[in-house]
Amino acid sequence: FYVENIGAAYWAVVARYYVGPNGQADPATEERLLHFELPTLRHHAGAMHFGPNDGYLYIAVGDGGIGSDKKGNAQSMQTLLGKMLRIDVDNPANGNNYSSPVDNPFVGTAGLDEIYALGLRNPWRWSFDRQTGGLYLGDVGQNSWEEIDIIINGGNYGWRCYEGNHAYNTSGCLPQSSYIAPIHEYD
């Protein structure tokens, strides 16, 4: 995952590289998997890990860094921003260098197929539990609350409506019980 600047725009790039004889990634072998615009250079996150149980690539993406998520990226099903993505890098499909696992929650619906979970602000650190395979994620809050979440397939963690367990901007939002609460929050 890296960010490139094209003209006045910033783009997130998720790419595959092959290792050369020196044991390092060879830049000449770059194969782009995902490429999407970022509204700012903030909150792009970008940590990636392969799932220990399914082998798919999980990619955490921030909401784009526009204060308070004014564009509603984290709750929108039409952008990859503010999401946990999951893709299959071993089985290209539909003209892409990847496919979306059929059990991703929005495959075949009005949402983007790559989305695994939504409602994240800036998911800066996360990993899989070695014993259970559970996905634990630290999400940076806007002003007052940081949170730790257990990410599940189809989960909505409520960002821009809620910061941790606290109402933030609930205009147009569902009731708080519709979102998955963090397992821990701290100020």
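Buried means under 20% relative accessible area, exposed over 50%, and partly exposed in between, with a 1.4 Å probe and protein chains only as cover. The model is predicted, so local features need pLDDT of at least 70 and side-chain atom pairs count only at pLDDT 80 or more, while totals for chains, interfaces and linings use all residues. Residues are numbered from 1 along each chain as its sequence is written, and side-chain values use heavy atoms, without hydrogens or water.

**Stop 1: strand β9**

Select residues 135–139, which make up strand β9. Strands here are DSSP runs of E with at least two residues, numbered from the N terminus. Four of the five residues in β9 are buried.

Two strands count as paired if DSSP finds at least two bridges between them. Pick S127: its bridge partner in β9 is Y136. Six residues lie between the strands of this hairpin, and G133 takes a positive phi near 80°.

**Stop 2: across to β10**

Select residues 146–151, strand β10. Five bridges join β9 to β10, again in antiparallel fashion, and L137 stands opposite D149. This hairpin has six residues between its strands.

Within β10, show I150, which is partly exposed at 31% relative accessible area. Then show Y136, I152 and I183 with I150: the four form a nonpolar surface patch with about 330 Å² of accessible area together. Patch members have over 30% relative accessible area and no salt bridge; nonpolar side chains (Val, Leu, Ile, Met, Phe, Trp, Tyr) are joined within 5 Å, like charges within 9 Å. A salt bridge puts a side-chain nitrogen of Lys or Arg within 4 Å of a carboxyl oxygen of Asp or Glu. Accessible areas come from the Shrake-Rupley method with a 1.4 Å probe, and for residues only the protein chains shown count as cover.

**Stop 3: the aromatic rings**

Rings of Phe, Tyr and Trp (its six-membered ring) pair if their centres lie within 6.5 Å; planes under 30 degrees apart are stacked, over 60 edge-to-face, the rest tilted. The count by this rule is five aromatic pairs. Select Y58 and Y116, an edge-to-face pair at 5.3 Å centre to centre and 80° between the planes. Y58 lies in β5 (57–61) and Y116 in β7 (115–118), so the pair ties together parts 58 residues apart in sequence. Y58 is buried at 4% relative accessible area, and Y116 is buried at 10%.
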